[in-house]
Amino acid sequence: MHQNRVKRVLEGMAKENLTQMIVSDPCAIFYLTGVWIHPGERMLALYLTQSGKHKLFVNELFPYAADVEAEKIWLNDNQDAVSVLADYLEKDKTLGVDKNWPSRFLIGLIERHAGSAFVNGSDIIDRVRMVKDAEELDIMRKASELNDIAMGKMVKLASEDLDEAAMGRKLGEIWEELGAEGHSFEPIMAYGPNGADPHHTTVKGAYKKPGDSVVIDMGCIYKSYCSDMTRTVFYKSVSDEAKKVYEITRDANLKAIEKIKPGVKFSELDAAARDYITEHGYGKYFTHRLGHSIGLEDHEVGDVSAVNHDVVVPGRVFSIEPGIYLPGKLGVRVEDLVIATEDGCEVLNKYTKDLIVVE
């Protein structure tokens, strides 16, 4: 068990007057225990209690769960797992339950009156996970370093006569060569007008033509942690309008990054980029939030948006990714990951943001 992380969760529970909580999300269990368990349809629950007598309820089909430093309650397919779990709970106390637990398990506990009340405990763990510790930050630096190397290779490939799907396949090969654990999300390779769709699905048979923008949005998994970055280049030539759009987008990225420091609201970061793009006449073409938190998952709780008035604290890792999307013409996005520090931020992505035209 990562005792310091567990301690922070217990402190969060205490603030909510919770003496017990079930953690069921495999990501959260890995975060607390260092062991990945993917239970499929079977019940998995890490029971945390202020008494310190934590228990892991896990099917015996996953023997590697023995590595978890908590008492194991081994289950099998001939048992009613919910009933077994219910017998260990404090029925006269409120029970916190984290996100994504199937209703067939939660409703079963409710029907058995396994707690005096049931509350969503997701926010407790999510807020602990928001602030990365030194071990996590070192891993994420390495993940972004691999992303920078891969981006250099992908930009070179953008000069070749490859369709979007082939570019995606090439990226998979690059991750394997670099020792990454695969994609952190389905990569976006978008040529010309396809780039005007921020979440474009890579298309087989979509080829670029001279003057097209090439949006490359990609990330890898390294030691279970995600990286994410976007660069936009141009094929053979760049029009005056495309150059203008690119430079506005890049400068919006830089203006938001310059504003990052403890105490600044995430909504203010969004405004720094959005207002700059709006001042230059492209506000309606910036159609998404400025960024998202990242860690064990590519998108974690906590974003960089106009409606998030939380303040930046050291250890938060998030993206800064303004974009301008002109329907039928082109798309431009420039994305970096940053770590909030005591006096500003550390930009994890080092790959150039200068305008590139590949031949």
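These are my notebook entries on a predicted model.

**Entry: helix H8**

I began with helix H8, which covers residues 240-259. How far apart are its end C-alpha atoms? I found 29 Å. At 1.5 Å a residue, the 20 residues should span 28 Å, so the two values agree. Next I looked up burial along H8. The buried residues are Ala242, Val245, Tyr246, Ile248, Thr249, Arg250, Ala252, Asn253, Ala256 and Ile257.

**Entry: Lys353**

I then went to Lys353. It lies in the loop between strand S18 (345-347) and strand S19 (357-358). Is Lys353 buried or exposed? Its relative accessibility is 16%, and the cut-off for buried is under 20%, so Lys353 counts as buried. Another is Asp336, at 2.6 Å. I also listed its contacts, leaving aside neighbours within four places in sequence. They are Arg231, Tyr246, Arg250, Asn253, Leu254, Ile257, Val334 and Asp336. Of these, I had already logged Tyr246, Arg250, Asn253 and Ile257 as buried residues of H8.

**Entry: the sheet with S19**

The loop of Lys353 runs up to S19, and I followed that strand. S19 belongs to an open sheet of 4 strands. The order is S7-S8-S11-S19, and the pairing is mixed. Which strands are at the edges? They are S7 (188-191) and S19, each pairing on one side only. S19 runs parallel to S11 (residues 229-235), and 2 bridges join them. I checked one partner by name: Phe234 is bridged to Val357 in S19.

**Entry: aromatic pairs**

I searched the whole structure for aromatic pairs and got 7. One of them is Phe62 with Tyr64. Their centres are 6.3 Å apart, with 70 degrees between the planes, and the pair is edge-to-face. Phe62 is buried at 11% relative accessible area. Tyr64 is partly exposed at 38%.

I also took Phe266 with Phe318. How do these two rings meet? The centres are 5.1 Å apart and the planes stand at 80 degrees; the cut-off is over 60, so this pair is edge-to-face. Phe266 lies in helix H9 (residues 266-279) and Phe318 in strand S14 (residues 317-320). The pair therefore ties together parts that are 52 residues apart in sequence. Phe266 is buried, with 0% relative accessibility. Phe318 is buried too, with a relative accessible area of 0%.

**Entry: charges over rings**

I logged two cases. Lys208 lies over the face of Tyr235, 5.0 Å from the ring centre. Arg274 has its charged end over the ring of Phe286, 4.0 Å from the centre.

**Entry: positive phi**

I ended with backbone angles. Asn17 has a phi near 60 degrees, a positive value in a residue other than glycine. Where does Asn17 sit? I found it in the loop between helix H1 (3-15) and strand S1 (20-23). Asn17 is exposed, at 69% relative accessibility.

Asn100 also has a positive phi, of about 65 degrees, and is not a glycine. Its loop runs between strand S5 (94-97) and helix H4 (103-111). At a relative accessible area of 65%, Asn100 is exposed.

Note on methods
Residues are numbered from 1 along each chain as its sequence is written. This is a predicted model: local features need pLDDT of at least 70, side-chain atom pairs count only at pLDDT 80 or more; totals for chains, interfaces and linings use all residues. Side-chain values use heavy atoms; hydrogens and water are left out. The expected span of a helix is 1.5 Å times one less than its number of residues. Buried means under 20% relative accessible area, exposed over 50%, partly exposed in between (1.4 Å probe, protein chains only). Rings of Phe, Tyr and Trp (its six-membered ring) pair if their centres lie within 6.5 Å; planes under 30 degrees apart count as stacked, over 60 as edge-to-face and the rest as tilted. A charge sits over a ring if NZ of Lys or CZ of Arg is within 6 Å of the ring centre and within 35 degrees of the ring normal. A polar contact is a pair of N or O atoms within 3.5 Å; within protein, one must be able to donate a hydrogen and the other to accept it, and residues adjacent in sequence count only if both atoms are side-chain atoms. Contact means heavy atoms within 4.5 Å. Two strands pair if DSSP finds at least two bridges between them.
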